[in-house]
Amino acid sequence: MFHISDIKKYSVCPKSFWLSSHGERSPFIAYNHLEEGFSLMIAERLNASGAYIGSRGMDASQSVKLCQEYEWLSKIRFEYKNLRVKIPFMHKVKDGWDIYFLAMSSLSSHDDIQFYADNIWVLKENGFIIHKIYVIRLNGDYLYEDFLNLQDLFTLSEYVNDDPEKGTLIESVFEKMIDLTPILEEMQECYDAKIPISLKNKNCIRKNRCVYYENCFENEQKLPDDSILTLSSSQYKNEMKSQGRERLKDVDLAKLEGTKMQYAQIMADQSEDGLYIDELSLDTWLKSWEYPYSFIDFEWETYVLPPYPGLMPYCKVPFQYSLHIMDESNQVQHKEFLGIHDCREEFILSLIENLPNHGSIVAFNAEGAEKLRLLELAEQFPQYAEKLKEFCDRMVDLSIPFQNGTVYDLRMRGYSSLKVLLPICDPSLTYHDLKIQDGMMAVAAWRKLCEENEDKEEIRKNLLFYCGLDSYSMIVVYNWLIKQLRKEEKNESF
Ligand code: SF4
């Protein structure tokens, strides 16, 4: 039995469909925290509190019968020709059924309408007459004031993108609807066959790398560090490789996009030690820093629904930081904070207490992370806004020289995250042996810490260690940069 999401997977990449339907699913940690009561809130918004609620694994052959008994149904499963769908909400009306889909984004894409059409096809084949189709959206502009106003938090519309001029959803859905039989047969054939070969396509690396990338292209792990396939932002790298251009320095200049990063990669491959540094830029940038240097890293949770007054959907709530302060004589002190639930004010007070009153505050990806969190907190707690904005003004982003091609080491293999840089700068250090190895694992651990849990001490220890290594890694990277600069200076003086 295929699930509706398998159709999308199959159309994106048959191999991804095959791997996931044969049990090769990777462990999934939800990026966003979604309240368990989300469906109940929507039921309340729709005045559907008495709805029959379906569950995972329910017998779909009973669904049509249940629809005769209930006026409202939620998460109910239907099947047709080996395809199983789950309908978020459906309501019996005089002339048939009103169907409600949920949307997390503010606009419906082409794919969304196709997804609704595929679901409705199964309903139609089960004998349902569709009266209207609605989309329930989370209102991204909603501000949680004294209480959660569900009427304002969730918008409801029967029009494409809530715009009557774009027509009704039911019209668009029926226009898009096709007989899914041929594609289901193709999927079955693919499923029954041997594992498909890996054909590189744009979905392998779209947005984030496909979760099966290592499985499909394990040979790439064995490629040398200067393989042409590590060339960043290059649409021609596969073509150049197939023409026998194996290394970065063999690049076809006519097929280069010409970014500073690509230049750095090629120069690194032409150098004896596999390293390129734009010394003047790096030196000037590092000299703009002021002592003491405060290397800082935050962890935070993302909530789909605003959990506390003053917050909006998809808000971020910081819960942890680690701070390593380095003075002029390279002495280092460590400070940290880890709270649970709504600890934003404690977090701010702890930062104000521990961050020195002057000097540079160094974060990795500061612009898209730590700086944004500080500005959000300044908005939520105006009494501390002045201080928090002052911290932002003193912030520098350690990722910049690695992202803009000021520094490139062939061992980066086209990547510039802190986790990639750490073992290059100090081969004795890595995240691999930690119980928590990345930000998502940290969030999952923190969710457990907020619940009644016997392992709280162990979880705290692991979280402190992980975040501590993040801020300490920046010191390691900073020291490495200084060491490389000194080496270059020495070479020049000979
Ligand atoms: S890595 Fe590419 S070929 Fe492999 S499953 Fe993912 S999308 Fe398909």
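## The loop at Cys343

Cys343 sits in the loop between strand E11 (332-338) and helix H14 (344-354). Helices (H or I, at least four residues) and strands (E, at least two) are DSSP runs, numbered from the N terminus. Cys343 is partly exposed, because 18 other C-beta atoms lie within 10 Å. On that scale a residue is buried with 20 or more other C-beta atoms within 10 Å of its own, exposed with 12 or fewer, and partly exposed in between; C-beta atoms are placed from the backbone. Tyr291 is 52 residues away from Cys343 along the chain, and their C-alpha atoms are 29 Å apart.

The model is predicted: local features need pLDDT of at least 70, side-chain atom pairs count only at pLDDT 80 or more, and totals for chains, interfaces and linings use all residues. Residues are numbered from 1 along each chain as its sequence is written.

## Overall build

The protein chain has 494 residues, and 30% of them count as buried. Its secondary structure comes to 20 helices and 14 strands. The C-alpha trace spans about 90 × 60 × 50 Å along its principal axes. Among contacts with a separation of 6 or more, 62% join residues 24 or more positions apart. A contact here means two C-beta atoms, placed from the backbone, within 7 Å.

## Two domains

The chain is divided into domain 1 (37-189) and domain 2 (271-494). These bounds come from an automatic or database domain assignment. The domain centres, taken over C-alpha atoms, are 42 Å apart. Eight residues from domain 1 and ten residues from domain 2 make the contact. On the domain 1 side, five are nonpolar, one is polar and two are charged. Ala, Val, Leu, Ile, Met, Phe, Trp, Tyr, Cys and Pro count as nonpolar, Asp, Glu, Lys and Arg as charged, and the others, Gly among them, as polar.

## Nonpolar cores

A nonpolar core is a set of buried Ala, Val, Leu, Ile, Met, Phe, Trp, Tyr and Cys residues joined through C-beta atoms within 7 Å. The largest one holds 57 residues, and Ala442 and Leu463 have the most contacts inside it. Helix H20 (residues 456-493) gives the most to this core: ten residues.

What does Leu463 touch, leaving out residues up to four places away in sequence? Its partners are Gln320, Leu338, Ile436, Ala442, Ala445 and Trp446. Another core, of 40 residues, lies apart from the largest one and includes Phe115, Ile133, Phe154 and Met187.

## Helix packing

Axes are lines fitted to C-alpha atoms, for helices over the stretch in contact, and angles run from 0 to 180 degrees between N-to-C directions. Angles under 35 degrees count as roughly parallel, over 145 as roughly antiparallel, 65 to 115 as roughly perpendicular and the rest as oblique. Helix H5 (residues 110-125) and helix H7 (residues 169-176) cross at roughly 75 degrees, with axes that come within 8 Å. H5 and H7 are therefore roughly perpendicular. H5 brings Ile113, Gln114, Tyr116, Ala117 and Ile120; H7 brings Leu169, Ser172, Val173 and Lys176.

H1 and H2 pack at about 135 degrees, with axes 5 Å apart. H1 and H2 are therefore oblique to each other. Helix H2 (residues 14-21) has Lys15, Ser16, Phe17, Trp18 and Leu19 as its buried residues. Those residues pack against helix H1 (4-12), helix H8 (181-192) and helix H9 (213-216). Just after H2, Gly23 takes a positive phi of about 85 degrees.
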